[in-house]
Amino acid sequence: MVRYKFSRKINQEFATTLRKRVNAYFKEHEVSRNANPGMVGKSIFALSIYFALYATAMFSGIDHLGVMFGLWMGMGLSVCFIGVAVMHDALHSSYSRNKNVNRLMSFSAVVIGVDPKLWQLQHNVLHHTYTNIEGADEDIADRYVLRFSPHQQRRWFHRFQHIYAIFFYGLSTVIWVMFKDFVKPYRYHKKGLIKGGKELRNQYILTISRKLGYYVAFLVLPMLILPYAWWMTVLLFLAMHFVTGVALTLIFQTAHVIPSSEFMDPEDEIIEENWAVHQLVTTANFATDNKFLTWMIGGLNYQVEHHLFPNICHVHYPRIAHIVRQTAAEFNLPYYSQKTFLVAIWNHFRMLRQLGQPNPVFSVKGVTVNPL
């Protein structure tokens, strides 16, 4: 894997000024950059809902198939809730200054079927460092059936991808849980992210043991306990993950794969831009006035703030957003924001449609720049 390096001279004043101002905010207000009591309460609530739905589905004796599908789809939403509002901060080590607390909260990844270490490598290392860079950011990697970047090969059926994409989004987490985590250790070893020998071997042992526990809880036990044929249990499992996959993909892709986003395929290892500015031009917020949505999706509608300060817990994003927005305006840099989540979804699917055209014109609509 090419290790791109960002310029430390271009727009460095912006990055330095922004960092100083955000640090000053926490110092002046005597506020921790990590989780607050509200965050702890939300974590308990999210995990409680998940386990309550699981216990109800497994042990309540309900045999109505429609209700059962509702319970499993509800678990799918709760998996998304845990992923964005608990696991995400824990694996960014922004939940607490205490490594043991972060490690404990990272166990939330295991209970929803995700390997913590592999998720960190894909998300923290590759996506956050090389956002929207072809061949480095796996979130926009060529999926053959889906084209997420103008630098990827266009195939004839991509003209319909804005129609069928939602189906593949629904498969994303079941593919992750059932297949991707088993091939990632070796893939990341080849990229130099996981050492060979003992480290690679231990990663496989951890991944397989965690997966076995997850499969027992969500496939084997339901097949033994629930009054349905085995294939119906598999359908319940798929329904849960379909809901999770659609929800998670829409939350993340609506911030990066929209018409205002820049995409790069550098020929040189040196990128002639500051890393902080690169995050501004590849990322967009949405629905920042919606406090309930902000609470539900772990502040990931403030994607600009998250990408600039991934080590800050998401409960603080609304408070530092005005600092980021104002500083970007002072340096004549963009700060993209979409008014609502529906507008963001519309822009994402419009981008998919444009990427499917032979000669796309990426018109930007519904995205505000520096909305002071």
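How do H7 and H8 lie relative to each other, roughly antiparallel or oblique? Keep that question in mind while setting up the view, because the helices named here are DSSP runs (H or I, at least four residues) numbered from the N terminus. This is a predicted model, in which local features need pLDDT of at least 70, side-chain atom pairs count only at pLDDT 80 or more, and totals for chains, interfaces and linings use all residues. Residues are numbered from 1 along each chain as its sequence is written, and side-chain values use heavy atoms, with hydrogens and water left out.

Select H7 (198-225) together with helix H8 (residues 230-253), whose axes come within 8 Å and cross at roughly 140°. Axes here are lines fitted to C-alpha atoms, for helices over the stretch in contact, and angles run from 0 to 180 degrees between N-to-C directions. Angles under 35 degrees count as roughly parallel, over 145 as roughly antiparallel, 65 to 115 as roughly perpendicular and the rest as oblique; H7 and H8 are therefore oblique to each other. Their crossing is right-handed, a term used if the near helix is turned clockwise from the far one by less than a right angle, with left-handed used if it is turned anticlockwise. Show the side chains of Tyr 214, Phe 218, Leu 219, Pro 222 and Met 223 in H7, which meet Trp 230, Thr 233, Val 234, Phe 237, Met 240 and His 241 in H8, where contact means heavy atoms within 4.5 Å.

**Second stop: H2 and H3**

Move to H2 (37-59) and H3 (65-91), whose axes come within 9 Å and cross at roughly 155°, and which are therefore roughly antiparallel to each other. H2 passes H3 in a left-handed crossing. Among the residues making the contact are Phe 45, Ile 49, Tyr 50 and Leu 53 of H2, and Trp 72, Met 75, Ser 78 and Phe 81 of H3.

Within this pair, centre the view on Ser 78, which lies in helix H3. Ser 78 is buried, with a relative accessible area of 4%; buried means under 20% relative accessible area, exposed over 50% and partly exposed in between (1.4 Å probe, protein chains only). Leaving aside neighbours within four places in sequence, Ser 78 is in contact with Ile 49, Tyr 50 and Leu 53.

Now select helix H4 (residues 99-111), whose 13 residues reach 19 Å from the first C-alpha to the last, close to the 18 Å expected at 1.5 Å a residue; the expected span is 1.5 Å times one less than the number of residues. At the start of H4, a side-chain oxygen of Asn 98 reaches to within 2.7 Å of the backbone nitrogen of Asn 100. The buried residues of H4 include Asn 102, Met 105 and Val 110, and the buried residues of this helix pack against H2, H3, helix H5 (116-129) and H7. Beyond the helix, look for Gly 113, whose phi is positive, near 90°.

Helix H12 (residues 317-330) has 14 residues and reaches 20 Å between its first and last C-alpha, close to the 20 Å expected. Tyr 317, Ile 320 and Val 324 are among its buried residues, and what covers the buried residues of H12 includes helix H1 (12-28), helix H9 (275-282) and H11. Just after H12, Asn 332 takes a positive phi of about 55°.

Select Gly 298 in the loop between helix H10 (291-296) and helix H11 (303-308), which is buried, with a relative accessible area of 1%. Apart from neighbours within four places in sequence, Gly 298 is in contact with Lys 42, Val 84, Ala 85 and His 314.

Finish with Glu 30, in the loop between H1 and H2, whose phi is near 50°, a positive value in a residue other than glycine; Glu 30 is exposed, with a relative accessible area of 73%. Ser 93, in the loop between H3 and H4, has a positive phi of about 60° although it is not a glycine, and Ser 93 is partly exposed, with a relative accessible area of 42%.

Note on methods. Helices (H or I, at least four residues) and strands (E, at least two) are DSSP runs, numbered from the N terminus. A polar contact is a pair of N or O atoms within 3.5 Å; within protein, one must be able to donate a hydrogen and the other to accept it, and residues adjacent in sequence count only if both atoms are side-chain atoms.
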